[in-house]
Amino acid sequence: MSGSDELYPPAQYGWGWLLLALGILAVLVLAAWIVIALTRPKRRMELSGSAPLGPTRMDEVLAVLRGEYLQQIDRIEAAYGEGRIDAKRANLELSRTVRAFVNEYSGIEAPVLALDDLIALGVHPALIDALHRHYYPSVFRRGPAIDPALGIEAARRVVTAWN
């Protein structure tokens, strides 16, 4: 055999390439975890202590929840009164607020359900009335929005009457 007919073993890759590939995989896994962690809905209330939620404790938690949502309604009312948002935006924010309250209070996925779906579920009449008379017409129909003053009172009724 001559020198040109000799066989050579296949070229081997160095450890650096393997470490680079593993590093890229680790970065991708970390990025996916960060995206998932940052896009999960935030818990609004953290219960401290290990006391079971008895009737008194549950009433306290629900009172805090109601207070938070009534404050949100007050903020929407103030923003509308100061002219920072228009009537249509105020009604949209009120609709989002009462739907979020119902979701957090009862677990019903009100933020993503249509009015017909909520009616079929038999939710509290205060929510149906507020959506039907104040929020849907103001948000979805053409023309001027409904004055949010009545929608604000309807939102407060939903938050205080829901059980």
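Reader: Which residues of the largest nonpolar core touch the most other members?

Author: This is a predicted model, in which local features need pLDDT of at least 70, side-chain atom pairs count only at pLDDT 80 or more, and totals for chains, interfaces and linings use all residues. Residues are numbered from 1 along each chain as its sequence is written, and side-chain values use heavy atoms, with hydrogens and water left out. A nonpolar core is a set of buried Ala, Val, Leu, Ile, Met, Phe, Trp, Tyr and Cys residues joined through side-chain atoms within 4.5 Å, where buried means under 20% relative accessible area, exposed over 50%, and partly exposed in between, using a 1.4 Å probe and protein chains only. Of the 26 residues in the largest such core, those that touch the most other members are L118, L127, Y135 and V158.

Reader: Which helix gives the largest share of this core?

Author: Helices (DSSP runs of H or I, at least four residues) are numbered from the N terminus. At least two core residues each come from α2 (55-81), α3 (87-106), α4 (115-121), α5 (125-140) and α6 (148-161). The largest share, six residues, is supplied by α5.

Reader: Leaving aside neighbours within four places in sequence, which residues is Y135 in contact with?

Author: Contact means heavy atoms within 4.5 Å, and Y135 is among the core residues that touch the most other members. With its neighbours within four places in sequence left aside, Y135 has as its partners N91, L94, S95, V98, A130, G151, A154 and A155.

Reader: How many residues apart in sequence are the parts that D74 and R156 tie together?

Author: A salt bridge is a side-chain nitrogen of Lys or Arg within 4 Å of a carboxyl oxygen of Asp or Glu, and the side chains of D74 and R156 meet in one at 2.7 Å, N to O. Because D74 lies in helix α2 and R156 in helix α6, the pair ties together parts whose separation in sequence is 82 residues.

Reader: Which residue lies about one helical turn from E93, being four residues apart in helix α3?

Author: E93 forms a salt bridge with R96 (3.2 Å, N to O), but R96 and E93 are three residues apart in helix α3. E93 also forms a salt bridge in which the closest N and O atoms are 3.0 Å apart, and the partner there is R89. Because this pair is four residues apart in helix α3, about one helical turn, the residue asked for is R89.
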